[in-house]
Amino acid sequence: MGRPGANLKPIAEKKEMGGAEKERKRKFQQAEDNKMSVTMSKFVKRAPINPPSSSDGSSLQNGNQIPERSPSSNRDVLPVPVDISENFKEDDTYPSLGMEQTDEKDNNSVLFDESHPSTWTTPLSQLQKSILLSKLPVQKMLDNFPKRGQLSFNPSHYMKKATGTSGREWLVYSVSTNSLFCFSCSVFTGTTSTLANSPWTNIGINNVGFTDFPHQARAIKLHEESQAHFQSVICWKQYEKLHSSSKLINQSVQEATLNEISFWKQVLHSMLDAIIFLAKNNLAFRGTSSKLDDHDCGNFLSLIKLLGKYYPPLALHISRLKKSKVSYMSPSIQNEFIYLSAATVRKEILQNVKERDYYSIMFDATQDASRNEQISQVLRTVKINAGECKIEENFIDFINYDGKSGLQLTEMIIRKLVEDGLDIQNCRGQVYDNGSNMSGFYQGVQARFKEINKKAIFIPCPDHSLNRVGESSANKVLPAKLLLGQIQCLFVFFSGSTSRWSVLKSHINKCLKGHSSTRWASKAEAVSTLFEEFEGTCEALIELTNSEEVNAQTVADANSQFVRIFNFKFILGLTIWDFILSRIQITNLALQDKSITLEIASKHVKGLLNWLKDFKLQGFEKSVRITEKKAEDIGITKDSGFHYRLTRGIRPLRFRDVGSRETHGATHQNNLEKFESDFFIALIDTMVDQFGHRFDSIYETTEAFNFLWGISLNQNNTESNIKAVQDLAKKYENDFELSVFCKEILYLKSAITPFIEDRSVEKMSAMDILNILTINGLQQQFINCHTALRIFLTIPVTTATNERSFSKMKIMKNYLRSTMGQQRLSDLSILSIEHDIVERLSFDEIINNFSISKCRKVKI
């Protein structure tokens with residue numbers, strides 16, 4: 001042939017296979033695949049997933065299956081080894097014992113009862129055989145066996161001889177069908193055996209075994225002597241021997257599976273440790289990169305790398321990581337671990353609340369970094385222990401809710417309590433701030449909630465009430481309000497410039513503080529700091545006034561500030577405010593204790609009120625003496641600052657009333673007298689008046705219960721105590737048994753006196769009485785007194801726990817983490833706030849829940 005042209009097809013180097021040759025190759029490949037499949041099926045079996053059960057123990061196979069997670073919903077969704085050692089002993093049996101492989105349809109059967117052969121499937125699957133052979137057959141012993149016709153099963157046939165020296169382990173009685181079965185033949189006899197149609201192997205749902213009870217003795221003996229029965233018993237005993245010597249093939253596979261499960265549990269345990277550590281310490285998880293080797297991978301991945309250096313299982317897992325391989329380090333997995341951990345903590349708290357019967361609610365709101373309204377939910381209960389009783393206030397959730405009216409907030413609170421599974425009628429107290437939408441008498445949340453549960457006593461937060469007392473009093477007394485304003489202006493002047501702040505720091509030891517209207521305690525810090533550092537502050541103002549490096553505006557402002565504060569009047573007002581605010585701050589701090597009760601709170605409030613009344617009588621002279629000493633040290637005259645205009649306070653002649661002081665010439669007051677009346681007396685009187693109606697609920701609630709402890713119990717006034725019991729039982733219907741309660745209160749003092757060591761009854765508090773009744777086993781004898789004390793101690797005092805949760809929230813959800821989701825915010829908050837419960841978390845339970853949620857349901 002000549003040279004082929006450019007467009008001609010080249011001659012093939014190898015001839016293509018014909019149809020017959022392709023068919024032979026296909027059949028050969030199929031035979032090899034089938035052979036390999038049969039071989040591998042003898043060695044490898046997938047572990048089953050235990051189906052969920054209903055409350056009555058029945059399997060939820062029909063219509064109640066848990067929906068499977070779609071594999072595409074999560075990048076890290078891969079099978080997680082599940083520990084099945086507690087449920088199943090073996091996955092396969094020894095292959096030489098004549099057991100056939102089962103079809104996939106057998107795997108859909110429900111879990112059966114080992115003691116009822118009538119519930120076994122036909123044929124038995126390898127898994128079911130493993131379950132049956134892992135333990136001895138169950139031989140039922142009943143008081144009266146049901147009859148079939150004239151006779152019933154005789155349990156003496158369990159024993160082979162009349163002397164009872166040997167038994168028939170293979171004989172099984174099924175209670176559900178009132179029939180007999182042979183265990184070994186049922187398990188080891190194949191479908192081709194001579195016993196395939198025997199009643200002794202007639203297992204299966206709705207099947208009945210041997211029922212010819214009139215001839216049971218002869219039939220049992222004949223079956224026992226049959227050749228097929230001998231063979232099945234031999235197979236059974238061979239299996240037991242091989243199982244005890246650990247020579248079963250599937251046992252090695254099971255050990256390998258358990259080792260893999262243990263490895264993954266250790267890896268996930270270390271990751272969960274890292275997540276809990278970051279959550280408890282309010283630290284961010286993610287960085288700008290999600291790769292483990294990058295420098296900016298975030299706190300979580302950095303912590304995993306650090307732990308991997310000292311923890312071999314985690315180091316091995318990190319070394320195995322490859323592209324598209326499971327790592328369990330992705331953000332979605334982190335969120336799942338956070339959610340599962342928080343759900344476990346929340347579940348434990350709510351379970352404790354339900355077990356303790358009575359609880360109280362506390363709700364407060366603030367804005368987060370994203371300008372969303374966050375409502376903090378806290379529950380208060382009394383924990384009853386044999387060793388000690390104590391009050392617990394537990395954070396539950398942050399709720400993102402924009403409703404502002406009393407109706408909207410009430411609906412939100414009720415809906416949240418129902419979601420938590422709490423009975424609203426068991427609520428005995430409610431505490432909110434003093435906003436009209438929360439504490440209003442007609443349309444507020446507390447009034448609407450009382451319409452649903454009238455036993456839920458409302459206590460206005462005393463901390464907020466004290467803030468209102470101070471704020472309202474300062475607003476009504478102009479000189480006091482001006483002085484606080486001057487203190488704030490002084491702080492704003494120095495803090496507005498770094499250079500001015502540096503000058504101030506060079507003259508003082510403690511920096512000045514600002515104050516706000518919502519947090520009254522800040523005013524105490526601002527006043528106290530300026531009072532201590534007054535001389536250094538004046539020196540800093542003088543330096544700025546005489547400085548050539550600052551601009552004219554700064555010089556003018558510094559000189560103006562110096563003129564305002566460098567006088568006797570300002571220092572005297574500062575001294576008076578320092579006394580008052582310091583005492584209010586002491587009461588505020590005492591009221592913020594978690595374990596505080598209404599009894600102690602009422603004493604603190606009454607103590608503050610009594611101090612104000614005493615300070616009104618003696619406080620001004622004391623303040624003047626302190627001010628004179630301080631003014632003398634820095635060279636201030638006693639008359640400085642009291643420069644009144646001559647026409648101040650004097651109305652024109654045509655506007656004066658006939659007979660007034662201005663007409664007839666009033667006696668003029670000196671500077672200190674006028675300052676005392678205008679500033680000191682007016683401020684104290686206004687504060688005392690404010691106390692009259694803001695703390696009535698605390699006093700009334702305490703007086704309703706105080707016959708159970710202290711002076712009222714020590715006086716043992718029978719008539720007044722019986723009257724108090726009747727009033728309390730009427731207020732709390734269905735909580736007490738009135739007749740028994742009246743008898744208990746008569747003997748309460750004499751019952752607890754032997755258990756008091758060095759204290760008198762009148763010095764005992766409500767918590768002390770509750771502990772005595774609980775620790776010394778008197779709870780049942782004085783059950784009504786015990787219940788009344790629990791209710792009283794359950795009623796909350798302040799929303800300080802809510803305020804603390806806001807502090808945690810502002811640390812976690814800052815401007816760098818402002819896009820944090822609501823669920824993640826609540827979960828991280830409860831892990832950080834309830835760290836005592838987090839310390840007791842069972843990581844194994846969390847990992848098991850995680851594995852169940854991530855594992856694919858594989859049918860075997």
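## Charges over rings

In this predicted model, Arg 500 lies over the face of Phe 493, at 4.8 Å from the ring centre. A further case is Arg 320, placed over the face of Phe 263 at 4.9 Å from the ring centre.

## Aromatic pairs

A pair of aromatic rings is described by the distance of the centres and the angle of the planes. The structure contains 31 aromatic pairs. One of them joins Phe 337 and Phe 850: the ring centres are 4.5 Å apart and the planes meet at 20°, so the pair is stacked, since planes under 30 degrees apart count as stacked. Phe 337 belongs to helix H9 (residues 331–355) and Phe 850 to helix H32 (residues 843–854), so the pair ties together parts that are 513 residues apart in sequence. Phe 337 is buried, with a relative accessible area of 0%, and Phe 850 is also buried, with a value of 0%.

Elsewhere, ring pairs connect Phe 705, Phe 707, Trp 709, Tyr 732, Phe 736, Phe 741 and Phe 792 into a cluster.

## A strand hairpin

In a regular strand the side chains alternate between the two faces of the sheet. In strand E3 (residues 171–174), Leu 171 and Tyr 173 point one way, while Val 172 and Ser 174 point the other way, and all are buried.

Strand E3 pairs with strand E4 (residues 179–182) in the antiparallel sense over four bridges. Within E4, Phe 181 is the bridge partner of Val 172. Together E3 and E4 form a hairpin with four residues between them, and Asn 178 in the turn has a positive phi of about 55°.

## Helix H17

Helix H17 (residues 534–546) has 13 residues, which at 1.5 Å a residue should span 18 Å; its end C-alpha atoms are 19 Å apart, which agrees. The buried residues of H17 include Phe 534, Cys 538, Leu 541 and Leu 544. Its buried residues pack against several helices, among them H14 (478–495), H19 (568–591) and H20 (598–634).

## Nonpolar cores

In soluble globular proteins, nonpolar side chains tend to be buried together. The largest nonpolar core here has 181 residues, and Ile 361, Trp 577 and Leu 708 have the most contacts inside it. Leaving aside residues up to four places away in sequence, Ile 361 touches residues including Val 378, Leu 417, Tyr 432, Phe 449 and Pro 796. A second, separate core of 27 residues includes Trp 120, Leu 180, Phe 183 and Ile 203.

Notes. Residues numbered from 1 in each chain as written. Predicted model: local features only at pLDDT ≥ 70, side-chain atom pairs only at ≥ 80, totals over all residues. Heavy atoms only, no water. Phe/Tyr/Trp six-rings, centres within 6.5 Å; stacked < 30°, edge-to-face > 60°. Helix = DSSP H or I, 4+ residues; strand = E, 2+ residues; numbered from the N terminus. Buried < 20%, exposed > 50% of the residue type's maximum accessible area, 1.4 Å probe, protein only. Lys NZ or Arg CZ within 6 Å of the ring centre and 35° of its normal. Pairing = 2+ DSSP bridges. Expected span 1.5 Å × (residues − 1). Contact = heavy atoms within 4.5 Å. Core = buried A, V, L, I, M, F, W, Y, C linked by side-chain atoms within 4.5 Å.
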